[in-house]
Amino acid sequence: MIHRSNIIYKYDGSFDGLMCCIFESYYKREIPMDIISPIVLQTTLIPVRKVETDLQKSRRVVNSIPKKIGRQALDFVRYSFLTCIPQKELYILIFLRKGYQYGKSVMNMMADNTVNKLFRAVKNLTNESHLIEGFLRFSVFNGGLVSQIGPKNYILPLITEHFCHRYPEEHFLIHDKTHDMALVYKPYKVQIIPIENLQMPEPDAKEQYFRKLWKLFYNTIEIKERRNTKCRMSNMPKRYWQYMTEFNNTI
C-alpha cells in the first residue's frame, strides 16, 4: 500500500541522487511531500530524511526506465532534471510512478497535470538553449574565448555539442552565472565544472577594438525607420541583453 508521507527527502542535487530518491520512494512504499537539494533553503517543522547517493541503486532505476517506459522517457526525465521549475524532483517522481503504471503511453498523457507541466518545462529548456546558441557572445582573454550567460535553466549540457563542433580548435570557457557552473573546452576535451564568483578580466585594447567593430556593424545594418522595439524584445528577450556586446553601453 503506497501512501503520502509527511516527510521530505533531501539529496545531494545530482541526477544519481534523485534516482536514489525514486528508489527510496519505492522501497519505503511512500510518496514524500517534497524532494529538496542542498541549494534549497527551507525551514520547516516537517521531518527531513537525507537520501544518500548509491550508484548501484541509481543504475537500477535508470535501467528500469527504458525497459518499462521507453528510451524517450529516460531522455525526457534527464531533460526535466535540467529545468528550473519548482519541485521538479517531485514531479519527476510522480511522472515515473505513472510511467511504471501505464508504460509508454504516459508520454502522450498531456491532460495529466504532472506530464503537462514537465513537457512545458522541457520545451522552455530547449527553447532557451537554442536562444543561447544564437545570443552568446565570446570575448578574447589571454588567447582564449570567454563568455558569461545567465540562463533560467541549466542549459550547459545542451549547448556543449554545438560550441565544441563550432570551435573544435579553440580554447573556450562559458560561465553560467545562475548555476555557478562553467563549460571548459580545449581541443577535443570538454568538461563542466563548478565555478563560483568568476570575475571577468577587463578587456584589453584589442578586445575593445573588436567590440566597437561589432557594435558598429550592429548599428549600421539597422533600418531605423523600421525599428520595432516590441518585436525585438520578443525575438531577443531583454534578460539576455546584459551579456550581449551590441547592447553594452560602456564600449
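This briefing looks at how aromatic rings pair up in this structure. Keep in mind that the model is predicted. A search of the whole structure turns up 15 aromatic pairs, and two of them get a closer look below. To describe a pair of aromatic rings, you give the distance of the centres and the angle of the planes.

**Tyr26 and Tyr100**

- The ring centres of Tyr26 and Tyr100 are 5.6 Å apart and their planes sit at 80 degrees, so this pair is edge-to-face.
- This pair links distant parts of the chain: Tyr26 belongs to helix H1 (residues 15–28) and Tyr100 to helix H4 (residues 88–102), 74 residues apart.
- Tyr26 is partly exposed, at 34% relative accessible area, and Tyr100 is partly exposed too, at 23%.

**Charges over those rings**

- Arg97 has its charged end over the ring of Tyr26, 4.0 Å from the ring's centre.
- Tyr100 has Lys68 over its face, at 5.6 Å from the ring centre.

**Tyr218 and Phe247**

- Tyr218 and Phe247 also make an edge-to-face pair, with 5.6 Å from centre to centre and 65 degrees between the planes.
- Tyr218 is in helix H7 (residues 205–221) while Phe247 is in the segment after helix H8 (229–235), so the pair ties together parts that are 29 residues apart in sequence.
- Tyr218 has a relative accessibility of 18%, and because buried means under 20%, it counts as buried.
- Phe247 is buried as well, with a relative accessible area of 15%.

**A cluster of rings**

- Phe138, Phe163, Tyr167, Phe172 and Tyr185 come together as one aromatic cluster.

Key:
Residues numbered from 1 in each chain as written. Predicted model: local features only at pLDDT ≥ 70, side-chain atom pairs only at ≥ 80, totals over all residues. Heavy atoms only, no water. Phe/Tyr/Trp six-rings, centres within 6.5 Å; stacked < 30°, edge-to-face > 60°. Helix = DSSP H or I, 4+ residues; strand = E, 2+ residues; numbered from the N terminus. Buried < 20%, exposed > 50% of the residue type's maximum accessible area, 1.4 Å probe, protein only. Lys NZ or Arg CZ within 6 Å of the ring centre and 35° of its normal.
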